[in-house]
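Please have the sequence and the structure in view.

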Amino acid sequence: MTRFTKMAVAAVVAGIAATSALAQELYTPNLAYRTGPFAATGIPLMNGQADYFTMLNARDGGIGGVPVNAEECETGYSTEKGVECYEKTKDRSIVTQPWSTGITLQVLPKTNVDEIPILAPGYGFSPMMDGKTFQWAFNTPAGYWDAADMIIQYLEEQGDLEGKKIAFLHLDHPFGKEPLPVLEMHAENKGFELVPIPVGLKEMQNQSAQWLQIRRERPDYVVMWGWGAMNAGAITEAVKTKFPMENFLGVWWAGHDADLKIVGEDGKGYKSISWSFPNPDAPVMQDIQTHVVEPGLTQSNPEEMAGVFYSRGIIISAILGEGIRVAQEEFDTAEISPTQLRWGLENINMTEERIAELGLDGMVPPFQTSCSDHTGNSGGWMLEWDGEKFVKASELMTANVEGYADIVAAKADEYAEANEPWAVNEDCES
């Protein structure tokens with residue numbers, strides 16, 4: 001096994017040997033979207049997720065000797081279809097992966113009743129970081145408010161923001177509106193003007209009106225909260241209108257290689273904050289090549305596999321896999337329950353050493369979750385398009401979580417009150 005000590009494997013196997021013989025599978029359905037307006041970004045993510053578990057099944061027999069069934073339920077990014085997929089899979093699943101902030105918000109009220117953890121890595125409702133209030137929801141390893149904070153930090157490093165103007169180009173969808181509380185807080189505290197510019201679902205590929213407004217506003221920076229076809233549309237318009245790309249930044253879902261390859265050298269300087277980074281030399285990539293690619297078990301291709309989103313899919317499945325492993329060891333059982341997985345997801349400790357053991361060298365920053373912290377706030381790197389690929393343009397950045405802790409607490413309390421009776425984890429210390 002690659003970079004996983006024989007002693008560690010022996011300990012896991014010995015600890016769960018009695019139950020693993022009876023175990024069937026670990027059912028971890030994925031509410032995927034390989035179709036619809038966001039398919040271009042969904043496909044590489046889903047391919048990375050699927051290939052990681054295919055690799056574990058082939059190399060290790062799954063996790064703790066139990067195969068992982070990462071069946072996909074296609075949503076097309078539709079909230080309605082996403083809820084249907086949730087209802088269809090919840091009786092067997094140990095986790096829900098909604099893959100949409102809209103779906104997450106619809107499923108979130110059900111969690112305290114169904115007691116199935118939501119895993120929404122890097123997306124969803126930002127106050128889910130409050131594990132005491134949202135005891136079944138995780139947006140590990142970093143949330144949208146972390147991203148907004150780090151982007152503003154980066155811009156401040158370029159110069160004082162007092163009197164500056166920042167256009168906020170965002171999808172007119174729950175996802176696109178999610179960072180507004182933190183961006184508005186920073187605008188008030190740091191003295192810059194925030195100009196929200198929404199992009200409707202039917203406007204994603206033709207944003208001439210939005211970029212006309214940007215030309216009129218003449219902002220110092222454009223921050224994009226985009227997804228799917230919106231990203232390619234915005235980047236193409238930015239090039240067409242000759243907006244300085246070095247002043248154009250996006251959230252981690254607006255940092256897809258394929259979108260920048262459309263404009264190539266003209267996109268040079270565009271940046272995206274990211275909690276993941278592709279490393280083709282990482283041992284996990286070699287194992288996927290051996291156990292997935294060479295046997296013909298992948299839907300991906302070499303170009304996609306070298307990109308940010310494919311590698312992020314790998315990391316997402318690795319986070320889930322680590323939560324499963326931790327739960328198996330704690331409860332001395334191979335076929336864990338949703339409640340046991342919740343404990344596992346609350347006790348992930350991705351140290352540099354553990355990241356190396358998993359073969360994810362350089363692909364994700366260290367982070368740790370707890371009962372009260374369901375995000376981990378890993379931080380991230382600012383990535384920059386060099387004309388051919390994304391490269392790191394900063395050292396590891398971390399969000400100033402204390403700066404918006406009051407907003408987290410207020411929004412969490414507001415949600416609990418609006419959804420009464422809402423059970424909080426009273427045994428969890430803040």
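What we have here is a predicted model, in which local features need pLDDT of at least 70 and side-chain atom pairs count only at pLDDT 80 or more, while totals for chains, interfaces and linings use all residues. Residues are numbered from 1 along each chain as its sequence is written, and side-chain values use heavy atoms, with hydrogens and water left out.

Let me start with the open sheet, whose seven strands follow the order β6-β5-β7-β8-β9-β12-β13 with mixed pairing; strands (E, at least two residues) and helices (H or I, at least four) are DSSP runs, numbered from the N terminus, and two strands pair if DSSP finds at least two bridges between them. The edge strands, each pairing on one side only, are β6 (193-199) and β13. Direction ignored, neighbouring strands of this sheet are turned by 25 degrees against each other on average, where axes are lines fitted to C-alpha atoms, for helices over the stretch in contact, and angles run from 0 to 180 degrees between N-to-C directions.

Helix α10 (residues 229-240) lies across β5, β6, β7 (221-225) and β8, and runs at about 160 degrees to β7.

On the β13 side, β12 and β13 (residues 390-392) pair in the antiparallel sense over three bridges, with K392 as the bridge partner of L383. Their hairpin has four residues between the strands, and G387 takes a positive phi near 105 degrees there. Four of the five residues of β12 are buried, buried meaning under 20% relative accessible area, exposed over 50% and partly exposed in between, with a 1.4 Å probe and protein chains only.

How many aromatic pairs does a search of the whole structure find? The search gives 28, counting rings of Phe, Tyr and Trp (its six-membered ring) with centres within 6.5 Å, where planes under 30 degrees apart are stacked, over 60 edge-to-face and the rest tilted. The rings of W252 and W275 have centres 6.4 Å apart and planes at 75 degrees, so this pair is edge-to-face. It links distant parts of the chain, 23 residues apart, with W252 in the loop between β8 (248-250) and α11 (257-261) and W275 in the loop between β9 and α12 (283-293). W252 is buried, at a relative accessible area of 0%, and W275 is also buried, at 0%. W385 and F390 form an edge-to-face pair as well, at 5.3 Å centre to centre and 70 degrees between the planes, and both residues are buried.

Finally, R312 lies over the face of W275, at 5.3 Å from the ring centre, and K392 lies over the face of F277, at 4.9 Å; the criterion is NZ of Lys or CZ of Arg within 6 Å of the ring centre and within 35 degrees of the ring normal.

Terms used: Contact = heavy atoms within 4.5 Å.
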